[in-house]
Amino acid sequence: MAPIVIAKSGGDPDLPAKLTTQVIVCSVIAAFGGLMFGYDIGISGGVTSMDDFLIKFFPTVYVKKHQVKENNYCKYNNQYLQLFTSSLYLAAIVASYFASMACKKFGRKPTIQAASIFFVAGAILNTAAKDLGMLIAGRLCLGAGVGFGNQAVPLFISEIAPAKYRGGLNICFQFLITVGILCANLINYGTSRLHPNGWRVSLGGAAVPALFLLIGSIIIVETPTSLIERGKKDKGLETLKKIRGVDNVDKEFEELLHATELAKQAKHSYRNLMKRSSRPQLICGTILQVFQQFTGINVIMFYAPVLFQTMGFGGDASLLSAVVTGLVNVLSTLVAIFTVDKIGRKKLLVQAAIQMLIAQTIVGAVLAVHLKSTNAMPSNYAIFVVILICLFVSGFAWSWGPLGWLIPSEIFPLETRNAGFFFAVSMNMVCTFLVAQAFLSMLCSMRSGIFFFFVVWIIIMGTFAIFLLPETKGIPIDEMNERVWKKHWFWKRYFDDDDGKGDVEIQAKPEEN
Ligand code: BGC
């Protein structure tokens, strides 16, 4: 049988391609999906600590919050309040499944457009909310937007980016997530002074990037892969020439045709994913997302203002502290963009695990000693805790944050990549939901012990990164199996007795040099 050529997913490094304005503009527009995601993450913490908002939707929480005798750790413990934050992720889990099908059937561009429509609808419902039902309905729409956006945008960017810029452009998605979180924190800081409707401005603010994404998504191109996949070969070739900025795209076009052919043969990508030889990538891809969430990052992102109020900061100081952590998050993500392809993934993950471990342990210890049930924490200790939280956030931002998205997108072979990435995205949403839903109750029952809960997770993930996660820096995506997994001391056993049943027969393209 003639060897089947494996496509280099976006082109191998020596394929002729320029970093065209078209690619940059399209990537930035699409990455606004990340900004929307970040805005939604960042906005809820500040809003749920605003009195006007609590009086309108959660009066019992408002009363508890202002009862001097109320236990510090339990002030905000309310299932409905948590549902406000976490309902978004519930919707996103369901939506990302439909989004993966929409991506395939209709293309990446309409999926991104659908995401922006959900975002606009969610922002309108939330701004106009008259009761809890309308508020939650708005969050569910935003969640659908997140599900559609997070599935389509990374895929879209990877497919239009030339191979050698793919890593950097990919982390731009995470960068805009952090910008979205920071914008949300800044807006909350301003709107907390606008009584009684400041919270409406905060929630309605989501409409601005959503409209930008909606208008922008009209002008972006469809990816050549998606066009070819849906039988539009000529349009695919034309788009490829346009985004690469060169006429000689024959080789990449050939590879895309073969890739599509392969994908067609490997019809049952979910069944392929369940095979023994797919287990290493499936385990590593999904577990990285579990670990990303169990660093405890979203406790800070969602509940920083609430957390800081628990420690005795006033409303303003709490929001300001959340702004500081947001800024640290943005700046530290830049570190990842510039180091990930030089230092490598593993070193960043391990270094950051140690940094996060130290920070969380000290935060837990300081709270255990200085934050009792009903006193306010001495302010110098509270400031010390904010500094430690910044240390924790910076470690996350240059490692488990961006790499939680990057690594799952680069470790799957072509025939299981879509299905594998879907598992990773939905696992992220499931764990985000769990953390968002459980945190305030856990804070109430475990008190400062909650930080030690995350410390245990960080030890596990650090150990995993040292011993079980292979280094993928600089390895072409389609050579991962041969050069990474089959050589890894542990994972190679999954390939030993692989008889290839149910596989599409794939042979590596002979090296040209
Ligand atoms: C995570 C989010 C998190 C954000 C913080 C993302 O990679 O998926 O859950 O809130 O990083 O910057």
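Reader: Which residues are closest to the ligand?
Author: First, this is a predicted model: local features need pLDDT of at least 70, side-chain atom pairs count only at pLDDT 80 or more, and totals for chains, interfaces and linings use all residues. Residues are numbered from 1 along each chain as its sequence is written, and side-chain values use heavy atoms, leaving out hydrogens and water. Around the ligand sit 13 residues, counted if a heavy atom lies within 4 Å of it. The closest are Gln-174, Gln-292, Gln-293, Asn-298 and Asn-329.

Reader: What percentage of the ligand's exposed area does the protein bury?
Author: Areas come from the Shrake-Rupley method with a 1.4 Å probe. Taken alone, the ligand exposes 320 Å². The protein buries 100%.

Reader: Is Pro-209 buried or exposed?
Author: Pro-209 is in helix α9 (residues 207-219), a helix being a DSSP run (H or I) of at least four residues. Buried means under 20% relative accessible area, exposed over 50%, and partly exposed in between (1.4 Å probe, protein chains only). Pro-209 has 9%, so it's buried.

Reader: Which residues does Pro-209 touch, not counting those up to four places away in sequence?
Author: Touching means heavy atoms within 4.5 Å. The residues touched are Phe-32, Leu-35 and Met-36.

Notes. Helix = DSSP H or I, 4+ residues; strand = E, 2+ residues; numbered from the N terminus.
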